[in-house]
Amino acid sequence: MSTWLLPENIADVLPSEARKIEELRRRLLDRFRAYGYEMVMPPMLEYLESLLTGSGRDLNLRTFKLVDQLSGRTLGLRADITPQVARIDAHLLNRQGVTRLCYAGNVLHTRPRGLHATREQIQIGAEMYGHAGLEADLEIQQLMLDALRLAGLTKVRLDLSHAGVLAALIEADPAAAALGDALFEVLAGKDVPRLAELTAGLAAQTRDALRALPSLYGDASVLDEARKRLPALPGVVRALDDLAFLVGKIEGAELMFDLADLGGYAYHSGVMFSAYVDGVPNAVARGGRYDKVGEAYGRARAATGFSLDLREVARISPVEARSSAILAPSRHDAALRAAVAALRDRGEVVIQALPGHERDTDEFACDRVLVERDGVWVVEAHA
C-alpha cells in the first residue's frame, strides 16, 4: 500500500478549498459574535461517557473509540460538538441567565453520512441556553439563515418538525415505547414499509398516527391536517402549537413542515429544523431544541442551536475566495521592507517574489505591484 494513501472518505483540504473554507469560517463567526454569541473550543478527545451523555444510539455508532494510555479508560473522538458545548454551559460556566455560545472545529465519524461524504467534517454552529420560549428557537433559526446567506446560499427551504410529536405518541402507548429507538430510525429514514411492519401490533390509534407521519409534509396547512389525523394528546397539541407560532415569523426561507423529519441525533426534544438548497439532496444545516442534554449533565437548562458542515457549505457556496494580492520585488532594501510591512499591517496580502520565480503566484490574483518611483515605494495596478 502506498504510504501517501488516506483512509476511505478522508481527504486533504488543498489551498484553494482551504482558503474558501477559512473565508466562510471568518464570516460566520463574525456574524455569530454580532448576535452576541461567545466562542468556545472544546477538546477533540473526551472520556466516552461524558462525550455521549444523553446523545442517543446514533452518535455512539458514529464515534471513534480508543483506550487512554494514562487512565486505562475509554476515550472518544468527538462526532458532534453540541453535547460538549452543553457540558461547558452546565459545568464550567454555570450561569443562571441566557448564555449564547458558538464554536468551529473538526469532528470525526466512523462512517460517512453519504456515498461521497467525508468522515471528517468541520462543524460550525451556535447554541443558546437558558430560555425555554420559542423566541430562542426563532433567533437560532434566523441566525442559521443569516449564516447561509453570508455563504451565498439565498434560495433556502426550511423544513420544520417537532420531536414532541413522536415522544407523545410513544409515551401514550407502552407497546410503542418498547419500539422507541426502532421507530425513530425508520421515521428518520422515511422507511414506510418497515414502519408498517413495526406498527402492525400496536393499538389502532397509535398505529394510524405513526403511519400518518411520513405523509404529513407540506406548507402550513399540514398543521391543520395533523390536528385532524393525530390524536389530541397534550404533547401532540403543544408540538403543533409550537410549530404554528413560527409561521409568518421566519424571514429568508421557504417554510415547509415535515412531521417525520427526525434526522440528526436523538437528543432533540422540541422544534427541529433542516435547511435545504436546490441541487443538494441532503440538508446543508440542521438544528433544534435539546433541553434534555443539560439535564443529563446534572443541570437542566433550556437549549436550542444549529450546526452545519463548513466543508460541504464551501463546496456549494458561490462565494469567491481567490485573494487579491500585491506582488513585491525581491531586494535587500530597508525602505522596501518597511513598505511591505506597512501593507501587511493594513491587511493586504503581499507576495515577495523570489529570484527566478517572479510569476509563481498561481494561488493568488496579483492584480497590483509594488514599484519604486522617485525613491518611494508605491502600489500600482499590475500591467
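This is a predicted model: local features need pLDDT of at least 70, side-chain atom pairs count only at pLDDT 80 or more; totals for chains, interfaces and linings use all residues.
Which residue is the bridge partner of L45 in β4? Residues are numbered from 1 along each chain as its sequence is written, and side-chain values use heavy atoms, with hydrogens and water left out.

**View 1. The three-stranded open sheet β2-β4-β3.** The pairing in this sheet is antiparallel (two strands pair if DSSP finds at least two bridges between them; strands are DSSP runs of E, at least two residues, and helices runs of H or I, at least four, numbered from the N terminus). At the edges lie β2 (45–47) and β3 (64–67), each pairing on one side only. Three bridges join β2 to β4 (residues 74–77), and L77 is the bridge partner of L45.

**View 2. The four-stranded open sheet β14-β13-β15-β16.** Its pairing is mixed, with β14 (349–352) and β16 (376–381) as edge strands. Strands β13 (residues 323–328) and β15 (residues 364–373) run parallel over five bridges; A325 has C366 as its bridge partner in β15.

**View 3. The buried side of helix α10.** Within α10 (residues 204–212), T206, A209, L210 and A212 are buried (under 20% relative accessible area, with exposed over 50% and partly exposed in between; 1.4 Å probe, protein chains only). These residues lie on the same side of α10 because they cover an arc of only 160° around the axis, taken from the directions from the helix axis to the C-beta atoms. They pack against α6 (163–171), α7 (174–177), α8 (180–188), α9 (192–198) and α11 (221–229), where contact means heavy atoms within 4.5 Å.
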